[in-house]
Amino acid sequence: QYGWINLSSALAADRVLFNSAYHREGLLREVTRVLALMPDHVPGGLQERIGERSAVFPVGIDFELHREVLRGPRKPNRVPVGDWNHRWEYDKGPELMVEAFAKLRERGVDFQAVVCGQAFKKKPEEFQALREILGDRLLHAGFFPDGRRYLEALLQADVVLSTARHDFFGVSIVEALYMGCLPILPDALSYPEIIPPALHGKFLYDGVRELHEKLARVLARPPVEHRAELQAAVARFDWRSLAPDLDQIVDETFSSGRR
């Protein structure tokens with residue numbers, strides 16, 4: 001049902017904007033698969049038609065509060081802090097996060113953890129084990145209702161971790177990088193588009209084993225020399241920069257679109 005809604009919406013539109021190239025390529029790839037389910041009367045060229053009228057436009061973020069919090073000092077941590085900041089749902093891979101932190105303990109890595117994000121009535125069982133596994137290493141677990149406190153937690157974290165299986169853009173990761181966190185992210189989804197290509201080998205992982213190795217390495221000795229480069233890379237998602245571009249796209253679409 002949702003596939004058909006997306007397909008018909010894209011065909012009805014004059015302009016289709018996707019959050020990331022990963023998002024765009026995923027829909028165009030799935031068009032062929034979905035149409036293959038139709039027994040007959042399959043219209044031709046739909047993938048090409050959508051591709052021609054589509055482009056990538058990232059999610060805009062209002063960084064005003066972020067900049068205000070950044071005026072405060074980043075205090076060096078005696079013990080490195082790792083942050084996981086996603087919705088508490090299965091598509092964000094919580095069991096991989098819990099396993100990664102457990103492996104750090106087994107290896108004797110000295111660290112502390114902040115696990116934040118929106119939780120719902122039904123949440124994955126893995127979160128119940130966090131306290132038992134991490135003990136006093138777990139500085140915080142749960143949602144920050146106050147945005148400033150959330151950003152202050154990011155400011156004091158050394159590393160932001162993603163174990164997501166699904167992410168069309170990655171707002172929480174972009175926010176963490178803007179606040180100065182160093183990333184450990186899957187070499188998949190939209191993340192290679194966010195991280196500068198020269199830093200992929202240092203901060204993107206392929207598979208669980210590489211996740212554990214890179215997370216341990218970066219927490220043990222955070223490569224802070226890359227912090228400014230990562231902050232600059234995600235600053236391009238500031239609405240102050242993106243809003244004029246979106247205005248232009250809307251104006252051009254109105255001028256050239258179907259009446």
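**Entry 1: a buried pair**

I looked up Asp167 and Lys92 and found both buried (under 20% relative accessible area; exposed is over 50%, and partly exposed is in between, with a 1.4 Å probe and protein chains only). The model is a predicted one, in which local features need pLDDT of at least 70, side-chain atom pairs count only at pLDDT 80 or more, and totals for chains, interfaces and linings use all residues. Residues are numbered from 1 along each chain as its sequence is written, and side-chain values use heavy atoms, with hydrogens and water left out.

The side chains of Asp167 and Lys92 form a salt bridge at 3.9 Å, N to O. I noted the rule: a side-chain nitrogen of Lys or Arg lies within 4 Å of a carboxyl oxygen of Asp or Glu. This pair links distant parts of the chain, 75 residues apart: Asp167 is in the loop between strand E6 (159-161) and helix H8 (171-178), and Lys92 is in the loop between strand E3 (81-85) and helix H5 (94-107). Helices (H or I, at least four residues) and strands (E, at least two) are DSSP runs, numbered from the N terminus.

**Entry 2: other salt bridges**

I searched the whole structure and found eleven salt bridges. One of them joins Asp238 to Arg67, with the closest N and O atoms 2.7 Å apart. Asp238 lies in the loop between helix H12 (227-234) and H13, and Arg67 in helix H4 (residues 64-70), so the pair ties together parts that are 171 residues apart in sequence. Asp238 is buried, with a relative accessible area of 5%, whereas Arg67 is partly exposed at 22%.

I also checked Arg87 and Glu89, whose closest N and O atoms are 2.3 Å apart in a salt bridge. Arg87 is partly exposed at 28% relative accessibility, and Glu89 is partly exposed at 29%.

**Entry 3: positive phi**

Which value does phi of His41 take? I read it as near 55°, positive in a residue other than glycine. His41 sits in the loop between helix H2 (21-35) and helix H3 (46-52) and is exposed, with a relative accessible area of 74%.

Leu189 is not a glycine, yet its phi is positive, at about 55°. I found Leu189 in the loop between strand E7 (182-186) and helix H9 (191-194), where Leu189 counts as buried at 14% relative accessibility.

**Entry 4: the whole protein**

I counted 13 helices and eight strands. Buried residues make up 45% of the 259 residues. The C-alpha trace spans about 60 × 45 × 40 Å along its principal axes.
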